[in-house]
Amino acid sequence: MSTLDELIAAERAVHMQVYGRQPVAFVRGQGCVLWDTAGQEYLDFLGGIAVMSVGHSHPRVVEAVREQVGLLTHVSNLFYTEPQVRLAERLHDLLGWGKVFFANSGAEANECALKLARRWARGTDDGARPGVVAALGSFHGRTFSTLAATGQPGKHDRFTPLPSWFTHVPLNDADALREAVGPGTSAVLLEVVQGEGGVRVASEEFLKTARAACDEFGAALVFDEVQTGLGRTGTWFGFQHAGVEPDIVTLAKALGAGLPIGACVAREEVAAAFGPGDHATTFGGGPVVCSAALAVLDVIESEGLVERSAALGALLVERLREATASNPHVREVRGLGLLVAVELDGPWAAAAVSAALGRRLVVNNVTPTAVRLAPPLVVSEEQIERAVEILAGVLADPEVRDG
Ligand SMILES: *Cc1c(COP(=O)(O)O)cnc(C)c1O
């Protein structure tokens, strides 16, 4: 096996240089624990960016994948496979409505939602209704249209011209949202908690305004729950906190426990706007990822991980607040369920993350000033205490702050 230095050098030579990676190569994971090439143990409070909700190598997921991969891996969507149908049923039952399209990622799930909203809002009228309203600070993906939907101008600059049908309004500015939606709008696309934007919670008023504006103009309300869905925020879906129901919801990160899957679920009458040939994918909804996702949903249910996320998320926020209360360089600890961020008084989140990694705690600098924590939902109280102790120590260290 290569040393870490060899791996880093080889990666630089042959992989596109788009990632700012930490100098660690992981080889094994179990629950909330990771091991690197040197056999060192880490506490994982990032979970592969809110993906590993059931923990690394959960035995039920491992077993489901092993069994399915030995039975049938892929036949394409020209045929029926039982895991896909069963998974669609499960998502339908969790939401209480909807028809599903399976994609391979969050961005693709959002692409599906935007195409579907365009078809649906257009109806029988041939006048195009291309407008999509989204929030500043949002993140929806890296394809051209989901990049255009992403409310972070800094990510746009190098790729203009982008699709021009997106309007961005400040998060939680209900008046601006109301103003932006009109007869040319096909969709309002929102995260209920902005994940990549630094764990920023959308207010109930903002979401209710979006619902009302969509109803008034016949636009689709799309909630991008790629990061917040499936228990991450302490409810099955983040929108349940506000009691505002969307027309379309997109899912991805936690659904496949690391296997690539995305899902776009739309109300039946909206889903009916797609006809044969309107949308498709070669890999999406294959039997292996769908078997993994069925096992993930089983585990979330049988281990009570949604309730656990609510309870342990509250504990994590409370303990972080206590442990940083006397630190003037910590501005705020915020979160919903086990999606949490610590806001710092300056752009030293990257330094804090490196220092935490040196002390064997994995977190990430979601913005220059914020450290994000999104541990597996199976995290224990003892692991939370340990993570808080490490992170509070790092944040109190003047050498970390001053680089
Ligand atoms: C991660 C994320 C995406 C993009 O998902 P990919 O699988 O990387 O394409 C989209 N929306 C939200 C809210 C996300 O957190």
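1. The second largest pocket holds about 590 Å³ of space. A pocket here is an open set of points on a 1 Å grid over the protein atoms alone, where a 1.4 Å probe fits, with protein on both sides within 12 Å along at least five of seven lines; lining residues have an atom within 4 Å of a point. The volume is the space filled by probe spheres set on the points, which are joined across faces, edges and corners.

2. The model is predicted: local features need pLDDT of at least 70, side-chain atom pairs count only at pLDDT 80 or more, and totals for chains, interfaces and linings use all residues. Residues are numbered from 1 along each chain as its sequence is written, and side-chain values use heavy atoms, without hydrogens and water.

3. Of the 21 residues that line the second largest pocket, Gln84, Lys99, Val100, Phe101 and Phe102 are the closest to its centre. Strand β4 gives the largest share of this lining, four residues. Strands are DSSP runs of E with at least two residues, and helices are runs of H or I with at least four, numbered from the N terminus.

4. Seven strands form an open sheet of mixed pairing, in the order β4-β12-β11-β10-β7-β5-β6. Its edge strands, β4 and β6 (166-169), each pair on one side only. Two strands pair if DSSP finds at least two bridges between them.

5. Strand β5 (residues 131-135) pairs with β6 in the parallel sense over four bridges. Ala135 has Val169 in β6 as its bridge partner.
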